[in-house]
Every structure is written in C-alpha cells, then in structure tokens.
Amino acid sequence: MGKLIRKRVLIPVLALFVLLGASSFKTDFFEIAKQIEIFTTLFKELNMNYVDETNPAELMDTAIKNMLDDLDPYTKFLNEQDVETYRINNTGEYSGIGALVRSYEDRLVIVEPYKGYPADKAGLKAGDELITIAGINVKDFQDDASELLKGANKTTVDVTYKRQGNTYEATIEREAIEVDAVPYFHMIDEEIGYVVLSRFNKKASAQTREAIESLKAEGATKLILDLRGNPGGLLSEAINVTNLFVPKGTLVVTTKSKVKKFNQSYETRNKPLDEEIPLVVLVDGKSASASEIVSGSLQDLDRAVVIGAKSFGKGLVQRPLKLTYGTQLKVTISRYYTPSGRCIQSLDYWNRDEEGNAVRNTQFNEFTTRNGRKVRDGGGIMPDIPIASLNTNDLVNALVNNHVLFDYATDYYYGHPDLPVEDFTLSDADFEAFKRHVSSSSFDFQTKTELALKESLTGRNNEIFGREVEEDAKALLLSIEKSKLAALDTFRKEITKPLEDEIIKRYVYREGLYDFYLNHDEAIQAGAQLLKDESKYRSVLR
C-alpha cells in the first residue's frame, strides 16, 4: 500500500516538472519567434519605404553589431572575411605579404614587417602608410583594405606608400606565410632554456614541445616559458601545453555554462614531456585567455613560479557556431575555472555602470594551490614574483592604444639610422624628447575626473553653478592637464619598457628583440636568478 501511495504522489510531481519545463521552453520559444517576426517586419518596411535608398547588408550588419555590443566584446558576428581571418589565426597559415598591419579610415599602416617575408624584401618598414593597393585607393575601399594584400602564392601586388612625408612605390610578391606559435627559443646560459610562446594556434603545443626538446639536447635543465603579450587562442592547445609539464589525468580547467553540454572538466591525456624540470612562466597585462589557463593551472598545481605582472583577466570561453551563407557567430558559451576553482574574469559585462561600461571586479575570493598557497580570483593571474617595469595603468595603456609610442619609435628610427642596439637604453635626453612628442601630438588622455568636470561646464550645469565655480573648474582642468605631463615622469619605468621594445624592433626585428631580452630583460633575469637558487625556487612553491 505504501509503495502504491508513493507512486501516486511521484507521478503527479514528475508530471508537474515536465509541464513546467515544457511551459518554460514554449515561453522562451514564443518570445524569440515573436521578436524575430517584429524585426523581420520592421526591416522589410524600412527598406521598402525609407525616403532614400538603403543598403540592407549595411543596415543588418549595424543592427547585429549593436545587439551584440550589449553582451561582451568576445561575442561577435563573423562575415565570410572574418571567418577566414579566424581560420588563419587558428591555423597560422595564409598567403600574403608577411606583415602586421593596422587599419585606419583612409590608410593602412605597416605595424611590423616579418623578417625575410615579402613586405620586408620589398623594403617596407614599420610606420609606412599604404595609400593605394593594386591601384585601389585605400580610403575609397569600403571593406577591410588589408584583404587586398592577400592573394594566391607567387602573385604580385603593387602598392604606393608614404614614409616621413615622401611617397614611394613597391611591388610585393606574395608568399605562403606560416605564423609560428613559438617564434623564438634559445639557451640563456649553459643550463637555462628560454621559449617564447606567442599564440595558441594549432601549432602551439607541438612547437613548444619541439623547442623544449631542442633546448634539452643543448643541455637545458631548467626552463623559462614566456607568455607575455600572448592573447590566447585554442583551449585544447592550452591544455596540451600544460600537459607537457604535468602528469596524464591532471585536471587543468573546468568550464561552466547554462547549457549542460558545455559543462566540462578537461584533464591532460598524454604522458608529460618533463614533469620535473624547474619552470618559470612569464606573464603581463596582455597575457590573456589560454595564456591564463596555462599560467593559472601551473600556478595552482605548484608546478611553476609565475613572474611578471598581473595578466589580462579573461575567464570566458568562446565557440564559433555556423550560420547561413558562410557566416558564423563566435559566442561566449561558458566561464572557465582553474584547478583551484577560481575564475579569473576581471570585467563584469553583465553589470555595467551608468555610462554602460563593464564593471571591474573589486571583491576577490581566496583559493589555495595544491601546496596550500593562497591565490585569488576575479582579476587575472597574479604573479608570485612581480616585476615593476611590466606593470601597466590607464596612462600607459592610452599611450599604447593611441599609437603614441609607435609613432615616436618611427621618428626615432629615422632620426638615428645607425643606432647600435646591443646595449640600448632610452637616455634622459631621449625621454625628454618623448615628452615633447606627447605634448605636440593629438594624444588626449582623459581621466574620469576630467570628464565629470567638463560635463559640469556644459548645458544646464553651467547656469546652475555660476561663473565663479566655472572658473574654478577650468583652473582645475588646467592643473590636471599639467599633472598628466608630470605623470609621464612618475611612470617612466612602465613607459620605457614598451617604448624601448618598439624602438629595438625597428632595427633588428622581433627576433633581434628576443636576443636583446636574453641579456637585458628584467623579468628574464629575475627568472634565471630564481632558477639558479634551487632552495629559493622551492620555497616560493611551498
């Protein structure tokens, strides 16, 4: 009788859950279908009745991008060109001129020509402004003009470009370009090997393994893995790189999502290359995503000492979903968690401030590594040993993002054509020249205080506060402007590092910059000193 009663109770309860689940699904499905119908009707009527001719493709592109902007910067619509770019980033193979370029509205700028590749062979240098490509004016080209530089292997493309106010022409023969995940590895001394891992494409773990094996053959018994500036890439490759140093079956990362199938725990699947070799990992503010999975997991497992500056703080995982007509949606599907259980996502895109900006996490939770060391979540990977020169702030970021350092390095290069860079350091006179460059440039770095003051001087606020307050606010703004120039001196160390790097690359390319690092880079020197002191290395991990 008891069993019968339980069955009678259980069946209605199960039925209620099924009914609620079905009801929820129907509600969501109806709401989505309803909004699609509204949008379809609006889009049709707009294009048919608007007073001027419309471009449906551009309107739709704008609508999609605005919709996705409300989510996070990693959820993106990829048109057919974007899909190809995404493929290139993951495979590291394409046919083109072999140079990193930056796109403006009216021109393309060569940011970095790769040594020995077509752009370099044709004489192009960092800072050159491409005006026409294959006879097409860059400023008149509606799409991404950098696509004009790509093409079949062994084909040529004619370009005109400006350099230091003069116009030149060049013919570039395209080649098959292979973008290495490991662009450089070398022995620092008789026992310490150094490996640069610059991206997590499909070659990352294989090339890292090959580099380490080569260094070990040269006598390396200790290792420095440099992830500085590495923006991330494939999750699978982050796990495989970690697997080089930890045993098979070790938990590396866990992903959590509202979609059940995306909730997964990823463990290493292979025998490690070397689970005993003393290891230092270098990170900075541009080490993101997959770089943080590797550095964070090795830190949590007490397998490596992390040196440098706080990493970027991207704890979100994206997956490309195929759409129609060769397009894709790269969508954030989950958050990832390191072995200790921490998510290092720094910005909260789902709780924004009054201006619509993502809120930076200020409350952190403590977790423990395998050996019981304390680590925190929510703000990137914090290094075990910080390096002050790698720190960054809003001012340094603004100087980089507004290309002020880049432009100064260009002028510096042409002003010092025969500079010996073996022991280059930015002199006091050089830094003073840089400050004058900042003052005379269009660089405009505005603090939150400035923005608030300027807003108070406009519109109705101006009338409310009166002339006396207005004059005080203007005086304060002038004082802030002067203090910003003083801030260049305050943060000289943080500014000098990326500025010196940019200058050195102009003379000896990226490979030469890494050669320079071996004897002059503060983080590498700190890592090498730690590895030579075995007891100190072990004490950090304890």
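**Exercise 1. Find how many residues lie between the strands in the hairpin of E7 and E8, and which residue there takes a positive phi.**

Step 1. Locate the strands, which are DSSP runs of E with at least two residues, numbered from the N terminus: E7 covers residues 156–163 and E8 covers residues 166–173.

Step 2. Check the pairing, which requires at least two DSSP bridges between two strands. E7 and E8 pair in the antiparallel sense over eight bridges, and Val-157 has Ile-172 in E8 as its bridge partner.

Step 3. Look at the turn: two residues sit between the strands, and Gln-164 has the positive phi, near 50 degrees.

A word on the model: it is predicted, so local features need pLDDT of at least 70 and side-chain atom pairs count only at pLDDT 80 or more, while totals for chains, interfaces and linings use all residues. Residues are numbered from 1 along each chain as its sequence is written, and side-chain values use heavy atoms, with hydrogens and water left out.

**Exercise 2. Work out which strands are the edges of the open six-stranded sheet.**

Step 1. Write down the order, E10-E11-E12-E15-E16-E23, with mixed pairing.

Step 2. Pick the strands that pair on one side only: E10 (184–187) and E23 (385–386) are the edges.

Step 3. Follow E10 to its partner E11 (residues 192–196), joined in the antiparallel sense over four bridges. Here His-186 stands opposite Tyr-194 in E11.

**Exercise 3. Describe how helices H13 and H14 pack.**

Step 1. Find the helices, which are DSSP runs of H or I with at least four residues. H13 spans residues 492–520 and H14 spans residues 522–532.

Step 2. Read the geometry, using axes fitted to C-alpha atoms over the stretch in contact and angles from 0 to 180 degrees between N-to-C directions. The angle is about 75 degrees and the axes are 11 Å apart.

Step 3. Classify the angle: under 35 degrees is roughly parallel, over 145 roughly antiparallel, 65 to 115 roughly perpendicular and the rest oblique. H13 and H14 are therefore roughly perpendicular to each other.

Step 4. Name the residues in contact (heavy atoms within 4.5 Å): Lys-493, Tyr-517, Asn-519 and His-520 of H13 meet Glu-522, Ile-524 and Gln-525 of H14.

Step 5. Go back to the sheet of Exercise 2: H14 lies across E11, E12 (222–226), E15 (279–283), E16 (305–308) and E23, and runs at about 155 degrees to E12.
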